[in-house]
Amino acid sequence: IDLKEKIALITGASRGIGAAIAKALAKAGAHVVLIARTQGALEALDDEIRAAGGTATLLPMNLAKLDEIDKIGPSLFEKFGKLDIFIGNAAVLGPLTPVHQVSPKDWQKTMTINFEANVRLIRTLDPLLRTSDTGRVVFTSSGLAEQPLAYWGPYCASKAALQMFMKVYAAETEGTNMRVNAVNPGIVDTAMLKEAFPGGFPGKTVKPEDVAPLYRELASAACKKHGEIVSA
């Protein structure tokens, strides 16, 4: 897959699935714009990407500050004049507790990062993606968007909202050059999984590197899928 001269924005890029996607897209020739909260982790990833012959731009920011997101589209336009690929991957686990005990603040935080931040990102990035010959949007969803799991209320609800948002956006971009999809990556060995299962996940897991090729495929010009949830 050749992504030369493509500009790709990836959120939650400093570790786990996001970092693996960043490396995969950069290796395929894309210039990757990386968003995450931690500057140090982004710089370490940047070093890895450069060492492998790729290029990156770092955007350290907290996506919970929704108003900051509105500036991303204009600043990408100023710097690159376009955006070809958007990977909406940043997410938080939220509290694992009975839904009637989740504080309003925790609901808000989980919905803000997992859902609202992506809505705001599409709002600011849509004009750029539509002008690309091959505008590609890929969200990271979860099997829990469709499968209710006790004590995982905020996470399940936020991923379900994101998944429906993706389908609506896909319906609205039907007939354009764009392709909008989501990935259900399965059980991936990440920091979030360790947070959810401090004693270790009892079943089989895959590595972030195992799911990154699927994102690269959905980001490519050859991608025909639209409005789909693709399981890794």
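Which residues does Ile 35 touch, not counting residues up to four places away in sequence? Ile 35 touches Leu 9, Ile 10, Thr 11, Gly 12, Ala 13, Leu 59, Met 61, Leu 63 and Ile 72, where contact means heavy atoms within 4.5 Å. This is a predicted model, in which local features need pLDDT of at least 70 and side-chain atom pairs count only at pLDDT 80 or more, while totals for chains, interfaces and linings use all residues. Residues are numbered from 1 along each chain as its sequence is written, and side-chain values use heavy atoms, with hydrogens and water left out.

**Overall form**

- The protein contains 8 helices and 7 strands; helices (H or I, at least four residues) and strands (E, at least two) are DSSP runs, numbered from the N terminus.
- A compact globule of 232 residues would have a radius of gyration near 17 Å, and the protein agrees with this at 17 Å. The radius is taken over C-alpha atoms, and the globule rule is 2.2 Å times the number of residues to the power 0.38.
- Along the principal axes, the C-alpha atoms fill a box of roughly 45 × 40 × 30 Å.
- Of the 232 residues, 49% count as buried, a term that means under 20% relative accessible area, with exposed over 50% and partly exposed in between (1.4 Å probe, protein chains only).
- Among contacts with a separation of 6 or more, 71% come from residues 24 or more positions apart.

**Ile 35 and strand S2**

- Ile 35 lies in strand S2, which spans residues 31-36.
- Ile 35 is buried, with a relative accessible area of 1%.
- In S2, 6 of the 6 residues are buried, so the strand is largely enclosed by the rest of the structure.
- Both faces of S2 are covered: His 31, Val 33 and Ile 35 are buried on one side, and Val 32, Leu 34 and Ala 36 on the other.
- Strand S1 (residues 7-11) runs parallel to S2 and is joined to S2 by 5 bridges; two strands pair if DSSP finds at least two bridges between them.
- Leu 34 in S2 is the bridge partner of Ile 10.

**Asn 114 and helix H5**

- Asn 114 is placed in helix H5, which covers residues 104-131.
- The relative accessible area of Asn 114 is 0%, so Asn 114 is buried.
- Apart from its neighbours within four places in sequence, Asn 114 is in contact with Ala 91, Val 92, Tyr 155, Ser 158 and Leu 162.
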